[in-house]
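Good morning, and thank you for joining this group meeting. Please look at the sequence and the structure as I put them on the screen.

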Amino acid sequence: MGASEQDPPIPDPQVRERATARRYTAAYKARILEEYDRLDKAGKGALMRREGLYSSLISSWRTARDHGAEQALARPVGRPKADPRDKKIDALEGEVERLQATPAIVRSFFQDRDLLYITRPVTELRSSSPVSP
């Protein structure tokens with residue numbers, strides 16, 4: 001009695017598809033540190049087990065709290081957000097590269113077209129002006 005080929009595969013319940021890092025808010029860190037500092041040794045262990053935390057996290061949160069209180073606890077982890085001007089610069093540089101890569105015949109077409117627009121008013125002025133004898 002094997003599984004038919006149409007049945008979807010059963011995922012392994014012991015392994016997650018992709019691990020994700022937990023993120024803690026500043027308020028959560030402050031609440032845990034406050035509760036941790038009030039407890040005795042057995043209570044501290046129970047708190048860490050209940051919340052799924054390691055003592056290294058508590059230590060780093062305490063250091064951050066001591067050095068900058070709420071501001072340090074709320075500081076985002078990772079690299080800073082990209083400047084929107086960088087995105088615009090990249091777009092413009094790409095456009096310059098694209099325009100420089102256009103064939104010469106296309107560029108000459110646009111140059112000739114621009115010359116026509118410039119010279120047309122001049123020729124109209126010459127034809128409408130009276131001819132001197």
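R65 is partly exposed in this predicted model, its relative accessible area being 28%. Its side chain meets that of D37 in a salt bridge, at 3.1 Å from N to O. D37 belongs to helix α1 and R65 to helix α3, so this pair ties together parts that lie 28 residues apart in sequence.

D37 has another partner to consider. A salt bridge also joins D37 to R62, where the closest N and O atoms are 3.2 Å apart. Here again D37 is in helix α1, while R62 is in helix α3, which spans residues 55-74, so the pair ties together parts 25 residues apart in sequence. How accessible are these two residues? D37 counts as partly exposed because its relative accessibility is 40%, and R62 is likewise partly exposed, at 26%.

R31 pairs with E35, and their closest N and O atoms are 4.0 Å apart. In general, an α-helix has 3.6 residues a turn, so residues three or four places apart point the same way. Is E35 buried or exposed? E35 is buried, since its relative accessible area of 17% falls under the 20% cut-off. R31, by contrast, is partly exposed at 42%.

R31 and E35 also take part in a network of salt bridges that includes R50 and E51. E51 is one of the buried residues of helix α2, residues 41-51, together with G43, G45, L47 and M48. After α2 comes G52, which has a positive phi near 70°. In total, the structure holds seven salt bridges.

Next, the surface. D86, D90, E93 and E97 gather there in a patch of negative charge. D90 is found in helix α4, residues 84-100, and is exposed, with a relative accessible area of 52%.

Finally, the chain as a whole. How many helices and strands does the protein chain have? There are five helices and zero strands, in the order α-α-α-α-α from the N terminus on. Of the 133 residues, 14% are buried. The accessible surface comes to about 12,400 Å², and carbon and sulfur atoms account for 57% of that area. Among contacts between residues at least 6 apart in sequence, 51% join residues at least 24 apart.

Technical notes: Residues numbered from 1 in each chain as written. Predicted model: local features only at pLDDT ≥ 70, side-chain atom pairs only at ≥ 80, totals over all residues. Heavy atoms only, no water. Patch = residues over 30% accessible without salt bridge, like charges linked within 9 Å, V, L, I, M, F, W, Y side chains within 5 Å. Areas by Shrake-Rupley, 256 points an atom, 1.4 Å probe, with all protein chains shown as cover. Lys, Arg positive; Asp, Glu negative; His and termini not counted. Charge placed at Lys NZ, Arg CZ, Asp CG, Glu CD. Helix = DSSP H or I, 4+ residues; strand = E, 2+ residues; numbered from the N terminus. Buried < 20%, exposed > 50% of the residue type's maximum accessible area, 1.4 Å probe, protein only. Contact = heavy atoms within 4.5 Å.
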